[in-house]
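Dear colleague,

I am handing over the structure below, and I would be grateful if you could look through it before reading on. My notes on what was found in it follow directly after.

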Amino acid sequence: MSTTMVAQSLASGILVGALYGLAAVGLSLVFGVTKILNVSHGELLMLGGYTSFWLFTLMGVDPFAGIPLSMFALVIIGLIVYQLLFSRLIKLPTEDKIRTSLLVGFGLGLVLQNVALRLWTADNRGITPSYAGAALTILGVRLPYVRVASLVIAFVFLVALQLFLQKTYTGKAIRATAQDWEAATLMGINVYRVYLLSFVLGTALAGAAGTLVAVGYSVEPVMGLHWTLKALIVLVMGGIGSIAGTLVGGLILGVTESAAAVWISGNYRHVVGLVIFILVLLVRPQGLFGAKEG
Amino acid sequence: MTAKKGISLALLAVGVVVLLLIPRLGVSDSLLNLLILMFIYTMLATSWNILGGYTGQINLGHAAFFGLGTLAARMLYTAGRPLPLALLVAGIVPAVFSMLIGVPAFRLRLRGDYFTIGTLALSQILYITVGNVLPKITYLPMADIQNYQILPRYYIILALTLFTIGAAYALVKSRLGLGLVAVRENEDAAESLGVNAFAHKLLALAVSAFLGGLAGGAYAYYQASYYFNYTFSPPWSLEPVNMAFIGGVGTIHGPIIGAVFFVLLKEWLVLKVGEYHLIIFGVLFILVVLFLPGGLVEAWERIRRVIVRRTRAKVTVSPACARDNGLPGN
């Protein structure tokens, strides 16, 4: 096994891992604040990818420039989904809310997956702008520009989200609600508006992640469950409510998968992450980096 | 209560007799195939319901148990082992496997959602792994295919279905079954009354996995050919949940009604709208979860209550009284 090959797989792992982190941070935000565990997060991400695909193929919009548009589309979809479905669960006790939201998300995933199948067929779709094939080569390690750009963008999003949650008044309201919604209510925070905002912020992040997946890799209707599981794995590893933890969790998952592909077999790339997930769930359910849950 | 029980028993007996006689009436094979599908789906929904409905532990990876059942039964049956042994092992393998997630998840008193996403992950692990290790189509033995007999399959799967329903009934009506419901309603309160929540959840999981595997065994005996990993695919996880909820979760007859309704509606929708039927099922499922959590059973109860109230009102309201109150007299 050559060093270049190892370095290459490490690099590929980091590049895809950043996207896992971005996919997970939306799910984590929604779950942390609203206690809605939306297992159709992967399908929402897929819709983000298809939005960019349409923007590119039908209107020639550059995928990176189109990120705000695909986020906007997912804000609208998020609003509809929240108002129609998840807002009905928001007043349930936590246990019931999680359980029912799992079921609703499961059903919604099925619906979205089949809508995508009708709209875009079962084919793998990718976005191929003129610069798609170009790559940076450092010491024999090939780094495609689009994936490097995706890594940078994912990182920017995570930092921006961190700053938003730490520095702004609205961000503080979100954190307060996540910690203790009753106390937040007493402080004059409209928690229902915070729930709505967090949910929509989560779907917008899914939209951005979907675009980056479509441009760096590809999208297809059955990808939803796959990406939901990736996000859940990262969530469980990183712990809820830690953006840095989520990013690190995503990178670890990406690198581990690449390592498994090199040393075991490419076929088991996605199994390794799931096995780690089960192990973490069993051994350290609060996450590798998360604080002990109350 | 006893009169109601008597009616239920009579209906059940009539139903079983009709199902036993149907093949003798010279009906088409396609009807028998449809009934077999209903039986297998009834087994799936009933087995899911023991854990998901009665014990309140949502399993989104039931395909793992169904798939392991098909795999075990198919391997043994095509290797020439007797069918009863194949079916028994089809139940045991998933029951043992289920402990892999059950023992640690329930012992650590993980919250229910951890168990749920754990099952989702486990089923996905098996789906991918089986697809890698056995990436081919499995066929029934040549002798079975050349001389495919639907009648013995019909009767054996009917028997398995009745066994599944009977086992579920016996379990939930027993002291253990009451314990399961207690754990679902309030785990701490149940424990304070001496119910061992860990043991109860584990038992429900094992029975659910065993019966789900048995359904898999039935499928492996029935289906001439399929890809080995097909029975591990996500729809086999989704459909039992869907049927149990549409019928009425946490009741014995709910999953049966759900399975029959599901199969009929699916047949009809596939003819009418083709692949769009999956979208309709997804929407239906969400609507039931949100607005009718008791499913068709609850819907029927509501309608019945309204009818009873109407008729009672008619009986008790005398014409004179009705006239004074502006009600329609009888």
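Please keep in mind that this is a predicted model. I begin with a pair of helices in chain B: helix 3 (residues 62–78) of chain B packs with helix 10 (residues 197–222) of chain B at an angle of about 50°, and their axes lie 7 Å apart. Angles under 35 degrees would count as roughly parallel and those from 65 to 115 as roughly perpendicular, and the two helices, helix 3 and helix 10 of chain B, are therefore oblique to each other. The crossing in which helix 3 of chain B passes helix 10 of chain B is right-handed. On the side of helix 3 of chain B, the residues that make the contact include B:His62, B:Phe65, B:Phe66 and B:Tyr77, while helix 10 of chain B contributes, among them, B:Ala209, B:Leu214, B:Tyr219 and B:Tyr221. Sorted by class, the residues of this contact between helix 3 and helix 10 of chain B are eleven nonpolar, eight polar and one charged.

Turning to the boundary between the chains, 31 residues of chain B are in contact with 31 residues of chain A. Helix 4 (83–107), helix 5 (112–133), helix 11 (235–247) and helix 13 (277–291) of chain B are the elements that each give two or more residues to the side of chain B that touches chain A, and the largest share, 14 residues, comes from helix 5 of chain B. That side of chain B has 23 nonpolar, seven polar and one charged residues.

Within chain B, the domain assignment gives domain 1 (28–282) and domain 2 (294–330), whose centres, taken over C-alpha atoms, are separated by 41 Å. Eleven residues from domain 1 of chain B and five residues from domain 2 of chain B take part in the contact between them. On the domain 1 side, helix 11 and helix 12 (253–273) of chain B each supply at least two residues, with helix 12 of chain B giving the largest share, five residues.

As for chain B as a whole, it has 15 helices and two strands, and its C-alpha atoms fill a box of roughly 80 × 55 × 40 Å along the principal axes. A compact globule with 330 residues would have a radius of gyration near 20 Å, and the 22 Å of chain B agrees with this.

With best wishes

Technical notes
Residues are numbered from 1 along each chain as its sequence is written. Chains are lettered from A and ligands numbered from 1 in the order in which they are written. This is a predicted model: local features need pLDDT of at least 70, side-chain atom pairs count only at pLDDT 80 or more; totals for chains, interfaces and linings use all residues. Axes are lines fitted to C-alpha atoms, for helices over the stretch in contact, and angles run from 0 to 180 degrees between N-to-C directions. Helices (H or I, at least four residues) and strands (E, at least two) are DSSP runs, numbered from the N terminus. Angles under 35 degrees count as roughly parallel, over 145 as roughly antiparallel, 65 to 115 as roughly perpendicular and the rest as oblique. A crossing is left-handed if the near helix is turned anticlockwise from the far one by less than a right angle, and right-handed if clockwise. Two residues are in contact if their C-beta atoms, placed from the backbone, lie within 7 Å. Ala, Val, Leu, Ile, Met, Phe, Trp, Tyr, Cys and Pro count as nonpolar, Asp, Glu, Lys and Arg as charged, and the others, Gly among them, as polar. Domain bounds come from an automatic or database domain assignment. The radius of gyration is taken over C-alpha atoms; the globule rule is 2.2 Å times the number of residues to the power 0.38.
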